[in-house]
Amino acid sequence: RLQAAECYLPQPNPTFGNPAFETAEFRVLIVRLSPFRDAARSLPHLFLAQAVRRVFPDAYVDMAFFPPLHDRQLFEREGIPYLVGSQSLRSAEEFDVVLISNAYVLELINLPYLFLHSGIPVLSGQRGEQWPPFILGGSNALATQAIVGSDGDAIADAIFFGEGEGQVEPLLRCLWRTRASAKRERLARAQAEVTGLWIAGSVGGHVEKAICRAPAFTDLVTDYPLLNDAEVGTARLQINYGCPAFCSFCFEGYDRKPYREVPLESVLDAARSLKRQGCAEIDLYSFNFNTYSGIFPLLLELNRLFDRVSFKSQRVDILYATPGLLTAEIAADKRSFTLGIEGISRRQRAFLHKSLDLDAIRGVLAALLREKIREIKLFYILTGYETEEDILEFRSFVSELKAMRRRSNPGIRIIFSVGLLVRMPFTPLRYDRLCLEEEPWRQIIGPVKSACETNGFEFRVPSPWDEVAVSQVLAMGGTWLLEPLLELAQQGHCYDLVLTSGYWQ
């Protein structure tokens, strides 16, 4: 009867390695704020499961995902809490600790909604000792001020800032060692021992962000439970952290500084471990995979090991300036290319601090059009400052690309994906004005869309206006956001592929 039935197998999943729930001495629930269909191909829940198992081989490890609409309605009718372990079918209060991963801004909306529909008091100060510590982390942790009130109370009992490598294990050990103490005391002890942990109720003070300064084999995800997903035979392998560029808009680039690479031998050791476990395909997990200095020997060895090696977004300037890189990618059977151009003109790229000139863009596209590939995706960001001159320059480029395609590869699919700039904290653009009226954006999107479609290219806006606006306010607003966040959750608003109607209003 469940839309996400693949989560809830009728028999225990042996790859979790769990003891009986009743006899387990330590029980950890890992929560994703997106449905299984959207989160299954990412790493955070697998990373956390590996960390728990390394510390407690006999722990009960479970995972919960945000239920899709059909299942939420069914759970509501049957009196089932929304936040329920997929393996144990137990609710959150039966666990010793709950680890919540928040990957992006809009997911945060689902946290109070999940609590309200699971019988969990929404604020930390309202939850007594019968409730386990709820600890939130993830790549969006530095933009989670919306779940914290002005008095320091928060929806989560604690927020972890930074990278969990080397920190999750001591956090769990501390919570286990102090299990006889009051929850507040346990968290205070953990804060003293773990870099990056902030505790609800704290006002002022400074928390140092956790950074994995020298990533190695032990930091990679190689030992994890297999979930009932169509791509269960595909492993994700992280090869670097952050990005060496300083694009002014990029949260990833500034949040995860400095740029670090996992040593080649460590990556290959992890790859061989995944191969021995039966993985047939591997997907390189990286913000820009071609920044990796050992990309040539890495691709060569991985293609010896696996049936297929996939890798997605890459920097155009590196692809243009590195002899033989495109040839190596084609030899590795890459047939779809994702390229971040960002600004629609030279002036706009300069504003975004995107060091990419037109010669590099032309050179890469001309080379791609000579190859037997399936599609090219070009990603752009509109800043709200585009002028008629910028649009004319973009229109000229699109017309030129049309002629290039007609000459070289008329059958290839080219997609223009054009998003609206969200100013993020900790980036230089956090000081820029916020564009929170839709009409000025329409006046820019219209001509850009026309330039693409009249030249025969596909055009997409990845996020509708209300999602862009809500993301912007949640990312840059302050503690005053907690009240509307809770009120809208009580009204039944959430994010599941789309934002529920009326949230922005």
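**Close-up views of a predicted model**

**View 1. Helices α5 and α6 cross each other.** In this predicted model, the axes of helix α5 (residues 168–177) and helix α6 (residues 183–193) come within 9 Å and cross at roughly 145 degrees; axes here are lines fitted to C-alpha atoms, for helices over the stretch in contact, and angles run from 0 to 180 degrees between N-to-C directions. Helices (H or I, at least four residues) and strands (E, at least two) are DSSP runs, numbered from the N terminus. The crossing of α5 and α6 is right-handed, a term used if the near helix is turned clockwise from the far one by less than a right angle, with left-handed for anticlockwise. On the α5 side the contact is made by Leu 171, Cys 174, Leu 175, Trp 176 and Arg 177, and on the α6 side by Arg 186, Leu 187, Arg 189, Ala 190 and Glu 193, where contact means heavy atoms within 4.5 Å.

**View 2. Strand β2 is paired with strand β1.** Strands β1 (residues 27–32) and β2 run parallel and are joined over six bridges, and two strands count as paired if DSSP finds at least two bridges between them. Along this pairing, Val 28 has Val 61 of β2 as its bridge partner, while Ile 30 stands opposite Met 63 in β2. In a regular strand the side chains alternate between the two faces of the sheet. In β2, Tyr 60, Asp 62 and Ala 64 on one side and Val 61, Met 63 and Phe 65 on the other are all buried, that is, under 20% relative accessible area, with exposed meaning over 50% and partly exposed in between (1.4 Å probe, protein chains only).

**View 3. Six strands form an open sheet.** The strand order is β2-β1-β3-β4-β5-β6, with mixed pairing. Because β2 and β6 (197–199) stand at the edges with a single partner strand each, one side of each is left without a neighbour in the sheet. Neighbouring strands are turned by 20 degrees against each other on average, direction ignored. Helix α5 lies across β3 (97–101), β4 (134–137) and β6, running at about 155 degrees to β3.

**View 4. Asn 102 is buried in a loop.** Asn 102 is found between β3 and α4 (110–116) and has a relative accessible area of 0%. Leaving aside residues up to four places away in sequence, its contacts include Leu 33, Glu 107, Gly 138 and Thr 144.

**Notes.** Residues are numbered from 1 along each chain as its sequence is written, and side-chain values use heavy atoms, with hydrogens and water left out. Local features need pLDDT of at least 70 and side-chain atom pairs count only at pLDDT 80 or more, whereas totals for chains, interfaces and linings use all residues.
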